[in-house]
Amino acid sequence: MSGIESLWAHPAVQAIAWALVHFLWQGALVGLAAAGILALLKNGSASLRYSVALGVLLVLLLCPLGTALWMSGTGGEKPLVREASPAVVIAGAPVQDAPVLSSNARDLLPAALPWFFALWLAGVAVLSVYHLGGWAQARRWTRRVTRPLPEEWQAKLCVLARRLGVGREVGLLESASAQVPAVIGWLRPVILIPASTLTGLSPQQLEAVLAHELAHVRRHDYLVNLLQTVVETLLFYHPAVWWVSAQARRERENCCDDLAVAVCGDRLVYVRALADLEGLRVSSPRFAMAADGGSLVARIRRLAGVPARDSRRSWLAGVLALSLLPAGFALYVSSSVLASADQKEEGRTSRSGTWTLEKKTGDLFKIKMEMKWPGSHWVTNTEVHANELKGLATGSNVRFEMPRDPGTFHFQGSFDGEDGKGTFTFQGNPEYARQMRSLGYEVSDSKLLELYVHDISLEFARAMTALGKISIDKLVELRIHNVSPEYIREMAGLGYRGLSADKLVEFKIHGVSPALVRALVDSGYADLPPDRVVEFKIHGVTPDYIRGLAKAGYRDVEPERLVEMKIHGITPAYVQGVVDAGYRNLPPSRLVEFKIHGIDGKFIRDAANRGYKNLTPGELVDLKLMGRLDHRREG
C-alpha cells in the first residue's frame with residue numbers, strides 16, 4: 001500500500017477521489033433527468049435523441065471534472081455534513097441544534113477513500129487494456145486476410161459517397177475474419193465486408209448496407225465512439241453512464257439507418273437487408289463502428305413501423321435503481337450519524353421560527369411556518385380549519401396553539417381578523433414518542449416535526465402497524481398519498497393482499513381504486529397482477545373501453561394486447577369500421593399494424609372501389625406502404 005499512500009499525499013489526487021465519490025449522486029441525478037428527457041422525446045427524431053444522449057454523456061464527464069477542480073481550489077476535502085445548526089429555544093435560552101459528529105463517524109468515509117481510488121485506478125487500467133487490445137485487433141484485420149472488392153463495387157461506393165456528401169477516400173475490403181460489416185479508422189476509414197455478406201445479400205441490399213457504413217463515415221462516428229469509450233472507461237463504476245452510452249449507440253445506428261434509407265430510396269429493401277444480415281451474422285467481437293450496432297431486430301421493427309415489444313422501461317428502472325444505490329451509500333454515513341446523534345440528544349424539546357396567517361374563505365386559514373439557519377431552510381404552507389387554531393383571537397398580542405399528537409405549535413404575534421404574523425415555538429410530545437417507540441418506531445426530535453406536519457396520529461400509526469411492519473418513512477409516505485387502513489383492507493378483499501407500501505402508494509398515485517378493480521373483474525379481467533392494473537390505468541384501458549371492444553367482436557383479449565391497442569389509438573369505433581369493411585377476427589397485432597400504417601375502414605372501402613378486393617391483410621399493408629401490389633385480386 002506504500003505506492004497508494006505516496007500517491008495519496010498529493011492534494012490533486014484527494015480532490016479527484018472526492019469528486020469520484022460525489023459523482024455517485026451527481027450521476028444518479030443526471031441519469032434520472034436524462035431518462036425523463038428521452039421519455040419526452042420518444043417520438044422525436046433519432047438525430048435529436050442522439051444529440052441529447054451525447055450531451056448527457058458530456059454533462060456526466062463534466063460533473064467529476066468540475067467537482068475535482070472546485071475541490072482543488074478550495075482545499076480538497078469537504079465535510080459531508082454541516083457543523084452549523086438551527087437555534088432552538090429551551091427555557092428561553094438559545095442552544096445549538098446540530099450534533100457534533102464523533103471522530104470515528106466523521107472519518108469513516110475518508111478512511112476508505114484511498115481504497116476506493118485504488119480500485120478506480122485498477123478498473124480504468126483493465127478497461128484501457130481491453131479497449132486497446134480490441135482497437136489493435138481491428139487494425140490488424142484491415143491488413144490481414146483482406147482483399148479489395150471488384151472495381152464495380154468500388155465505383156458504386158464512390159457514387160454512394162458523393163450522394164451522402166462524403167468527401168474523403170474510403171477503402172472497401174473483403175474480410176475473411178470480420179463477421180459483420182464495419183468501419184475501421186477515422187482519418188483513412190476502411191469498410192470491411194464479410195465474405196458471407198457478399199454471397200448472402202443481393203446487390204441492392206449490399207448497396208443499402210454500404211450506405212449505412214458511409215453514413216458512419218460522414219458523421220465521424222468512429223471518432224465520437226472512441227471519445228464515448230473514454231467516458232465509459234473513466235466512469236465505469238456508475239450504471240447511469242453505461243445506460244446513457246447505450247442509448248447513444250442505439251440512436252446512432254438509427255440515424256445511420258435513416259440516412260441509408262434516404263439515399264437508397266427503398267425502405268423495404270433496406271429492411272430486408274437488415275433481416276438477412278441478422279440471419280448471416282454469428283457471435284463476433286464488437287467493432288468501434290459496425291452495422292450491427294444495437295439490436296438489428298429492434299432496428300428492423302422501427303423502420304417497419306412495428307412497435308418494439310421490449311422491457312426497456314423495466315430495464316431502465318433497474319439501471320436507475322442501481323445508480324441510486326451507490327448514491328445512497330455516499331450519503332449514508334452522514335445521514336445515519338446525524339440520525340443517531342439526534343436521537344441521543346436529550347432535553348431538545350422545542351424549535352422556533354416565524355409564521356404568517358391569512359384567512360381564506362369561511363373558517364379556512366392558510367398558515368405558513370418557516371425556520372432558517374445557516375445552510376438549511378424549513379418551510380411549510382398548509383390550510384387549516386379554524387377549530388385547529390386553539391385560542392385564536394384578534395389583537396396586537398395574540399397567543400394561540402395548534403396541537404396534534406406528535407406535538408404542539410405555540411404562536412404569538414398579531415392578527416387583525418384577516419392577516420397575522422409573529423413567532424412560534426414547536427413543543428414535541430414525549431408521550432407520543434414513547435407510544436411510537438412501543439410500536440417499533442424510534443422517533444427523534446426532528447422526526448417529531450415531520451410527523452406533526454403530515455399529521456401522523458397514534459391512531460393512524462397503530463392501524464397501519466397492525467397490517468404489517470413498515471418503516472417510519474413509509475408511514476409518512478402512506479399518509480401523504482392518503483393510503484388509509486380502510487383502503488388497504490378493501491384492496492385485500494379484492495385479492496390484493498400483502499402489497500408493499502411502495503405498491504400501495506403507486507396504486508394511489510395512479511388512481512387504482514377498489515371501484516376500478518371491481519369494474520375490471522365485471523369486464524372479465526380478474527386477478528390481474530398489480531403492475532398490470534397500474535398499466536391499465538396509466539394507458540386508459542378502462543372497463544368502458546373493454547366493453548366497447550367486446551361489442552366489436554374482441555372479447556377476452558390478452559391484457560398485454562389491450563394495452564398495446566390502446567397505446568396505438570385503436571378505439572372500438574375503429575375496430576367496428578374494419579369489421580364492417582369485411583375484416584373480422586383479425587389478430588390484435590394485425591389491428592395494431594393496420595393502425596400504425598393508417599389502414600381503416602374507409603381505406604379498405606376505397607381500395608375495393610378501385611378494384612383491390614378480397615386482399616389479404618398483408619396485401620393491404622403493402623398497398624398502403626408502396627402504393628402498388630405485385631398483383632391484385634378482383635372479384
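Trainee: Where is histidine 220 found?
Mentor: Keep in mind that this is a predicted model, where local features need pLDDT of at least 70, side-chain atom pairs count only at pLDDT 80 or more, and totals for chains, interfaces and linings use all residues. Residues are numbered from 1 along each chain as its sequence is written, and side-chain values use heavy atoms, leaving out hydrogens and water. Helices are DSSP runs (H or I, at least four residues), numbered from the N terminus. Histidine 220 sits in the loop between helix 8 and helix 9.

Trainee: Is histidine 220 buried, partly exposed or exposed?
Mentor: Buried means under 20% relative accessible area and exposed means over 50%, with partly exposed in between (1.4 Å probe, protein chains only). Because its relative accessibility is 37%, histidine 220 counts as partly exposed.

Trainee: Which helices each supply at least two lining residues to the second largest cavity?
Mentor: A cavity is a set of points on a 1 Å grid over the protein atoms alone where a 1.4 Å probe fits but cannot get out, and lining residues have an atom within 4 Å of a point. His220 is one of the lining residues here, and so are His216 and Asp221. The helices that each give at least two are helix 8 (203-218) and helix 9 (221-234).

Trainee: What is phi near in asparagine 585?
Mentor: Asparagine 585 lies in the loop between helix 24 (572-580) and helix 25 (588-596). With 71% relative accessibility, asparagine 585 counts as exposed. Its phi is positive, in a residue other than glycine, and lies near 55°.

Note on methods:
On a 1 Å grid over the protein atoms alone, a cavity is a set of points where a 1.4 Å probe fits but cannot get out, and a pocket is an open set with protein on both sides within 12 Å along at least five of seven lines; lining residues have an atom within 4 Å of a point.
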